[in-house]
Amino acid sequence: MSSLNKPLIIISILLVAVAVAFVLSWQTVAQSVGYTDLTRALTTTTATFGTLIGVITAGLMFTQGAFSRLASELNEKSPTYLTEVLSLEKIQSIAARLAALRKTFTQFASTTTVKEERDLYTRIAIKASDLFVDFAVILKLKLRQQGLPDTDLLVSEMDSTLYDVYEKTRRDIKKEWQLLNIIKRIVDAWEGQTAFFLETTSKPALKADLKNSIAILKLKEKVDQGSADIAKNTAKTLNEIDDEFSELSKRFHEDRIPQLLSQMVQASILRGRYFYLTLSFIAIPLLVNLIILPQLSQATATFFQPIIWATSLLSIIGVVFLFLYIYKILNT
Amino acid sequence: MKKSAEERIKRLFAEYPYPPIDVIIPILERAGRGEKELESQIYEIYCNLAKGIKEIMSLKGNNMKTLARVWEVATSAEGMKMQPLELSESKFSFSITDCPMIHVGKNVSTNVKGKFCDIVCTAGSRALMDTVLAPHKGICAWSKTLIKGTGKCAVTFELVKAK
């Protein structure tokens with residue numbers, strides 16, 4: 001299903017569907033269908049698809065209402081995170097620590113020869129970079145919200161790949177409440193989506209990975225009789241970031257933001273791409289049928305026959321999209 | 001457990017996390033040393049965990065039942081499933097279906113896994129017995145069947161006197 005989400009594939013399906021519909025209808029021009037059969041087919045399909053459109057439109061109105069309510073609730077809550085929860089100093093101090101972690105663990109990953117250890121350090125460096133980018137986006141939004149000039153302080157520390165991710169993340173924020181998606185990603189990346197004790201996600205959180213790395217570093221320092229500063233400094237950074245995040249995480253959960261965002265995802269799917277494809281592939285043929293119906297007579301039957309065939313086939317494609325839409329809802 | 005006790009246990013395990021055995025074993029295998037250091041690290045972690053659990057759960061006794069209770073809390077906190085087999089004044093045995101050792105990569109041989117299983121279990125069980133019972137009061141044995149892939153691993157704690 002995931003591949004079907006790609007716009008290119010959907011456009012291809014649409015083009016193929018339209019082409020097939022017109023080729024088939026063209027071929028049927030030669031075959032003659034009786035006027036009575038044609039009228040029956042037209043009235044039956046019009047009534048059926050009219051009912052479907054009614055049901056879909058009612059669903060849309062209901063979903064739109066839920067979506068608007070959720071968006072307004074999230075819009076009310078999101079500015080607080082920029083004005084109260086995340087101060088400029090806090091954002092900059094977390095970002096500086098994340099940058100230090102990224103640098104340290106990138107260096108560790110490049111010097112270790114054991115695959116498991118290298119994978120762990122690389123994972124930490126990648127996650128620290130991702131969080132760094134998210135904080136850079138938050139900083140940008142905060143500066144804009146407060147009418148302050150853009151410092152580009154964090155952007156200057158990014159390489160081209162990170163900068164591309166930063167630009168994409170920034171561009172993806174079209175509504176005010178979408179800032180909360182970034183904060184959710186930060187909280188989840190740091191502490192994981194946890195139940196009581198067990199991690200429910202297969203991806204380990206950055207905090208857990210850092211703790212594991214500290215255990216390894218301590219052990220290596222004992223074995224090599226080296227300085228204990230690296231493990232100690234990493235532990236210090238971990239505790240500092242954790243202290244900063246704990247307030248953010250607490251407020252985030254108190255405000256029920258994860259639940260609201262999850263409901264928003266549901267509502268977005270209900271009014272997503274497959275919904276509109278279903279709607280247009282049923283509504284357009286239905287409209288054509290409604291125009292044809294009063295003008296259909298024994299004299300015009302032959303003329304309208306290929307058009308009726310084409311609209312019927314397009315409606316069938318609409319039903320296929322309807323099934324895909326239902327499938328997507330059930331699999332969310 | 002009360003909610004506050006749950007939270008405290010959670011914090012305790014966050015403070016003394018179990019080391020990532022699946023990463024540590026390949027490192028020590030490559031280095032050819034560090035086993036003693038790993039043993040002492042695990043011993044230290046389990047001593048702190050056992051002390052913390054006793055305090056949070058207000059467990060005062062120095063007997064096998066207290067040890068079983070501490071172990072029960074520790075396994076549930078680590079997300080391990082434990083099936084008790086026997087609990088008496090002198091013996092506590094149980095079986096487990098999962099342990100960190102079976103998550104060690106396939107490229108590590110069964111012999112090496114067995115060697116580290118002994119290191120980890122010796123340190124962990126000794127820390128538990130030293131903290132809950134008293135030093136040199138108990139012994140612990142484990143079957144290593146999980147590593148061999150022949151079934152559940154049976155672990156038995158026994159008082160020295162009872163032998």
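**Entry 1: the sheet in chain B.** I began with the strands of chain B and found four of them in an open sheet, in the order 1-2-4-3, with antiparallel pairing. I note here that this is a predicted model. Strand 1 (82-87) and strand 3 (138-142) of chain B are at the edges, and each has a single partner strand, so one side of each has no neighbour in the sheet.

**Entry 2: strand 1 with strand 2.** I went through the pairs in the order of the sheet. Strand 1 and strand 2 of chain B run antiparallel and are joined by five bridges. I picked out one bridge here: B:Gln83 has B:Ser95, in strand 2 of chain B, as its partner. The two strands make a hairpin, with three residues between them.

**Entry 3: strand 2 with strand 4.** Next I looked at strand 2 and strand 4 of chain B, which pair in the antiparallel sense over six bridges. For B:Phe92 I found the bridge partner B:Phe157, in strand 4 of chain B.

**Entry 4: strand 4 with strand 3.** How many bridges pair strand 3 and strand 4 of chain B? I found five, and the sense is antiparallel. Strand 4 of chain B covers residues 153-159. B:Ala141 is bridged to B:Thr156, which lies in strand 4 of chain B.

**Entry 5: helices against the sheet.** Which strands of chain B does helix 4 (residues 64-77) of chain B touch? I listed strand 1, strand 2 (91-96) and strand 4 of chain B; this helix packs on the sheet. The direction of helix 4 of chain B makes about 175° with that of strand 1 of chain B. I also looked up helix 5 (residues 110-132) of chain B, which lies across strand 3 and strand 4 of chain B. Helix 5 of chain B runs at about 150° to strand 3 of chain B.

**Entry 6: where chain A touches chain B.** Last I turned to the contact between the chains, which takes 16 residues from chain A and 21 residues from chain B. On the chain A side, the elements giving two or more residues are helix 4 (115-145) and helix 7 (206-224) of chain A. Which element of chain A gives the most to this side? I found helix 7 of chain A, with eight residues. Sorted by class, the side of chain A that touches chain B has nine nonpolar, two polar and five charged residues.

Methods:
Residues numbered from 1 in each chain as written. Chains lettered and ligands numbered in written order. Predicted model: local features only at pLDDT ≥ 70, side-chain atom pairs only at ≥ 80, totals over all residues. Pairing = 2+ DSSP bridges. Helix = DSSP H or I, 4+ residues; strand = E, 2+ residues; numbered from the N terminus. Contact = placed C-beta atoms within 7 Å. Axes fitted to C-alpha atoms, helices over the stretch in contact; angles between N-to-C directions. Nonpolar A, V, L, I, M, F, W, Y, C, P; charged D, E, K, R; others polar.
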